[in-house]
Amino acid sequence: MVNKVVSEVVLDASAVLALLKREPGAERVRAVLDRAVICAVNVAEVQSKLVDLGLSRDAAAARIRFLGCPISDFSADQAIEAGSLIEQTRAQGLSLGDRACLALAIERKATVYTTDRAWMDLSLDLEIEVIR
């Protein structure tokens with residue numbers, strides 16, 4: 001098996017949380033951190049989850065920053081794309097955050113890393129890696 005080198009990776013909030021919580025699949029995310037970016041909407045999701053788990057605002061933000069991933073602003077074009085993806089993702093029940101992640105990956109022609117197996121059923125011209 002030949003290892004494919006991925007030029008850029010977009011991390012879904014679920015992949016970031018798997019890494020931060022040392023869950024299965026964390027090593028796969030760690031291996032691509034130097035090529036990864038995360039959408040600002042997904043950062044909000046990760047921050048929310050960490051605060052829900054009892055971390056302070058600052059402690060949660062510090063964990064996210066420690067990853068060293070660039071945070072991509074959610075642009076107007078991405079907002080239109082994310083909103084339009086509702087038609088293709090409705091059956092899988094994807095959230096706005098999920099669609100924001102996909103919109104960034106589509107824009108950058110990047111591979112998406114997620115824990116959500118439902119994404120494998122999407123008919124998008126996009127490479128999706130389910131990390132566990």
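The model is predicted, so local features need pLDDT of at least 70, side-chain atom pairs count only at pLDDT 80 or more, and totals for chains, interfaces and linings use all residues. Residues are numbered from 1 along each chain as its sequence is written, and side-chain values use heavy atoms, with hydrogens and water left out.

**Overall fold**

- The protein has seven helices and five strands; helices (H or I, at least four residues) and strands (E, at least two) are DSSP runs, numbered from the N terminus.
- Along the sequence, these elements follow the pattern β-α-α-β-α-α-β-α-α-α-β-β.
- The radius of gyration of the protein is 14 Å, which agrees with the value near 14 Å for a compact globule of 132 residues; the radius is taken over C-alpha atoms, and the globule rule is 2.2 Å times the number of residues to the power 0.38.
- Taken along the principal axes, the C-alpha atoms fill a box of roughly 40 × 35 × 25 Å.
- Of the 132 residues, 46% count as buried, where buried means under 20% relative accessible area, exposed over 50%, and partly exposed in between (1.4 Å probe, protein chains only).
- A contact means heavy atoms within 4.5 Å; among contacts with a separation of 6 or more, 61% come from residues 24 or more positions apart.

**Nonpolar cores**

- A nonpolar core is a set of buried Ala, Val, Leu, Ile, Met, Phe, Trp, Tyr and Cys residues joined through side-chain atoms within 4.5 Å.
- The largest such core has 25 residues, and L11, V46 and L50 have the most contacts inside it.
- At least two residues of this core come from each of β1 (9-11), α1 (13-20), α2 (26-30), β2 (36-39), α3 (40-52) and α4 (57-66), with α1 giving the most, seven residues.
- A second, separate core of 17 residues includes L94, A100, L102 and A105.

**Helix α7**

- Helix α7 (residues 96-108) has 13 residues and reaches 18 Å from its first C-alpha to its last, close to the expected 18 Å; the expected span is 1.5 Å times one less than the number of residues.
- Several residues of α7 are buried, including G97, D98, R99 and A100.
- At the start of α7, a side-chain oxygen of S95 reaches to within 3.3 Å of the backbone nitrogen of G97.
- K109 follows α7 and has a positive phi, near 55 degrees.

**Residue T114**

- T114 lies in strand β4 (residues 111-114) and is buried, with a relative accessible area of 0%.
- The side chains of T114 and S14 are joined by a polar contact of 3.1 Å; a polar contact is a pair of N or O atoms within 3.5 Å, and within protein one must be able to donate a hydrogen and the other to accept it, while residues adjacent in sequence count only if both atoms are side-chain atoms.
- The T114 side chain also reaches the backbone nitrogen of D116 at 3.1 Å.

**Cysteines**

- A disulfide is a pair of cysteine sulfur atoms within 2.5 Å, and the count by this rule is zero.
- The sulfur of C69 is too far for a bond, because the closest cysteine sulfur, in C101, is 12 Å away.
- C101 is in no disulfide either, and the nearest cysteine sulfur, that of C39, is 7.2 Å away.
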